[in-house]
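Please read it alongside the sequence and the model.

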Amino acid sequence: MVVYLILYGAGMLFASSAHYYMSGMSLILAALYLYFYDYRRSGNPLHLRAMFSLFWVGGEGISCFKLSRLQTDWDPVTWASFFIALAAFWSVFGMAEARIRKKREEGKDKREEKARRKGVEAVSEGTEAAGSFGMLTAILLLTAVSWAAFLLEAAVLGYVPFFLRGVPHAYSHFHISGVHYFTVSCVLVPSMAVIWFLRGGVKKRWQAVLVLLAAAASLLVPVLCVSRFQLIFAVILAVLTFMQVSGKKRLRYLFGAAAALLPLYVILTVARSHDVAYLNGIFEMKDPATPIFITQPYMYIANNYDNFNCLVTELPAHSMGLKSLFPLWALTGLKLIKPELVDFPIYTTKEELTTVTLFYDAYYDFGVVGVFLFSAALGLFAAWLMDRAERAENPFWQLFYSQAALYFMLSFFTTWYSNPATWFYFAATGAAMVWVELIKRLAGAGERT
């Protein structure tokens with residue numbers, strides 16, 4: 001943390017004197033230091049604190065390069081908020097991790113004695129087969145529901161975004177309230193397929209074919225919706241799940257997935273009618289000769305931090321918790337009854353660039369205090385989830401872990417906790433986990449009678 005404090009201070013000083021490249025490099029070095037600190041200590045490249053540190057601070061460093069005319073010098077409150085976001089998460093995570101480790105050591109002898117008295121019950125072949133069947137039905141059901149919702153939206157709205165030309169924001173309008181959550185739930189299917197293949201127990205060839213077809217069909221939905229985010233989310237989540245469940249935690253899998261996604265990303269960009277001239281006109285790069293394959297990822301990372309700065313400088317009053325409760329208003333339908341519950345303007349550098357950082361809504365609600373409290377809560381949650389996933393026997397806990405890891409990777413890009421789809425994904429994962437466990441227990445009870 002001392003190294004981070006020094007490098008962060010250096011980044012602020014360099015930025016204040018308009019040495020933007022030096023400012024950015026200081027923060028990127030800080031991000032790499034924080035990541036490798038936890039990686040070396042744990043041996044886990046998907047360590048949640050390490051992932052959050054790398055992507056949150058690293059994204060901030062990239063933003064500090066100020067390659068676009070849309071970017072301005074940050075307000076001191078912005079700098080303070082970004083620092084507090086990392087410091088609170090880091091510190092609370094460390095305290096919670098130490099507390100959890102101590103409690104586990106204190107209860108170790110009791111757990112071992114209990115296991116000796118009870119004995120370890122072997123999982124029968126019938127129970128294993130039931131678990132495999134439960135996973136299979138969960139995968140097929142989720143795929144069917146997702147496609148049914150997609151076809152309903154296409155029929156009601158009268159178009160499929162992939163086949164439209166000259167309409168850059170077709171996907172933004174392709175949704176029916178309440179239905180679209182089911183459409184995009186397809187992003188979980190490839191990860192569930194990974195779990196089935198790795199931990200599904202007894203399998204038959206026709207079942208494997210069905211699971212592969214379900215995974216392929218689920219990846220087709222974001223392609224037809226021209227949703228680059230959902231496609232990237234589905235593929236990266238599946239890779240993270242593979243790394244978690246298989247134990248093969250090698251970063252080259254993530255780089256390989258990113259390379260495989262690049263052609264599809266380009267195709268979907270063209271399908272959204274986003275040509276080079278259109279994108280360069282929106283991003284307003286200082287160097288107009290900057291290649292689009294640098295411009296686009298840079299702006300989707302960097303501009304989010306400047307959107308936060310716009311919020312700091314332009315917000316007239318805080319929303320006192322209402323902004324972060326958007327999932328409640330959306331999932332209960334209250335937003336349709338009382339629209340004022342969700343009527344909060346978004347402050348951005350440009351109308352078209354609406355993505356924001358993880359802490360945007362926390363600041364919107366309570367300012368710097370909100371950033372501190374939310375970051376501390378995230379640190380506590382991350383420490384608990386790491387411990388829970390490490391001890392869990394049900395492989396669906398690894399899917400929960402992988403979703404959290406991905407959300408921390410996207411900390412520069414989205415306020416996932418105030419996105420109803422996030423909680424819908426968690427609920428769908430939990431429902432699948434309960435379903436599989438129920439099928440296994442019923443099979444086990446049947447064998448004993």
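Leu210 is found in helix α9, where helices (H or I, at least four residues) and strands (E, at least two) are DSSP runs numbered from the N terminus. The model is a predicted one, in which local features need pLDDT of at least 70, side-chain atom pairs count only at pLDDT 80 or more, and totals for chains, interfaces and linings use all residues. Residues are numbered from 1 along each chain as its sequence is written, and side-chain values use heavy atoms, with hydrogens and water left out.

**Surface patch**
- Leu210 has a relative accessible area of 31% and therefore counts as partly exposed (buried is under 20%, exposed over 50%, partly exposed in between; 1.4 Å probe, protein chains only).
- Together with Leu140, Trp206, Val209 and Leu213, Leu210 makes a nonpolar surface patch of about 440 Å².
- Such patches are made of residues with over 30% relative accessible area and no salt bridge, nonpolar side chains (Val, Leu, Ile, Met, Phe, Trp, Tyr) being joined within 5 Å; a salt bridge is a side-chain nitrogen of Lys or Arg within 4 Å of a carboxyl oxygen of Asp or Glu.
- Helix α9 (residues 205-224) supplies the largest share of the nonpolar patch, 4 residues.

- Beyond its neighbours within four places in sequence, Trp56 is in contact (heavy atoms within 4.5 Å) with residues including Phe82, Leu86, Tyr305 and Phe359.

**Positive phi values**
- Ala18, although not a glycine, has a positive phi of about 65 degrees; Ala18 is found in the loop between α1 (2-16) and α2 (20-42) and is partly exposed at 45% relative accessibility.
- Met320 has a positive phi near 55 degrees; Met320 is in the loop between α13 (292-314) and α14 (326-331) and is exposed, with a relative accessible area of 58%.

**Chain and confidence**
- The chain has 18 helices and 0 strands, and buried residues make up 51% of its 449 residues.
- The average pLDDT (the predictor's confidence in each residue, from 0 to 100) is 87, and 88% of the residues score at least 70.
- Over residues 118-123 the pLDDT is below 50, and this stretch has 1 contact in the model beyond near neighbours in sequence.

Terms used. Patch = residues over 30% accessible without salt bridge, like charges linked within 9 Å, V, L, I, M, F, W, Y side chains within 5 Å. Areas by Shrake-Rupley, 256 points an atom, 1.4 Å probe, with all protein chains shown as cover.
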